[in-house]
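Okay, thanks for coming, everyone. Let me put the model up, and then I'll walk you through a few spots.

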Amino acid sequence: MVAVDVTDPKINQAYLDVRDDKTDTNWLLLDYESDSSNKLQVTKTGTGGLSELAEHVDDSRGSFAYARVAFSNDKESKREKFVFVSWIGPKCKVMRKAKMTVHLAFVKEVLRAYSIEVAAQEKDDLKEDPIVVRLRKAGGASYDGI
């Protein structure tokens, strides 16, 4: 089994920034250094939510992402939940796809606290509305019948 290198301290710092509600950073994107590398690095972080994240994933790559999603359950409450994303673009090479299935467990040890996991293969898989529906269901308490 080929381990993935997630030791870059920038990965943990980006993770902590996304988790910190005092920062505007609400997503991070991890990519492999090169097509033949097993080392992940922070490619990008942002403040524009899942729609902005979707603009930065590459159809020819395999990536991992982590996002903070804010939503309301009702008029009285606002919640923030975290989403772990494994992105395998439609043009991603077969060997990268295979390695990512092994690397997934190692990445989850670093991006460890999340409510749902999203396996995305198309940019539409990162649309906020369906993800919020899944987050509501995962959250348990729903006062508006969803």
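Predicted model: local features only at pLDDT ≥ 70, side-chain atom pairs only at ≥ 80, totals over all residues.

Residues are numbered from 1 along each chain as its sequence is written, and side-chain values use heavy atoms, with hydrogens and water left out.

Start with strand β5, residues 116-120. Strands here are DSSP E runs of at least two residues, helices are H or I runs of at least four, and both are numbered from the N terminus. Ile116, Val118 and Ala120 point to one face of β5 and are buried, meaning under 20% relative accessible area with a 1.4 Å probe, protein chains only.

Who's the partner of β5? β4, residues 77-88, pairs with β5 in the parallel sense over 5 bridges; pairing takes at least two DSSP bridges. Across from Glu117 in β5 you'll find Phe84.

Now the largest pocket. Pockets come from a 1 Å grid over the protein atoms alone: an open set of points where a 1.4 Å probe fits, with protein on both sides within 12 Å along at least five of seven lines, and lining residues have an atom within 4 Å of a point. Its lining includes Tyr32, Ser60, Cys92 and Arg96. Helix α3, residues 94-110, gives the largest share of that lining, 3 residues.

Key
Buried < 20%, exposed > 50% of the residue type's maximum accessible area, 1.4 Å probe, protein only.
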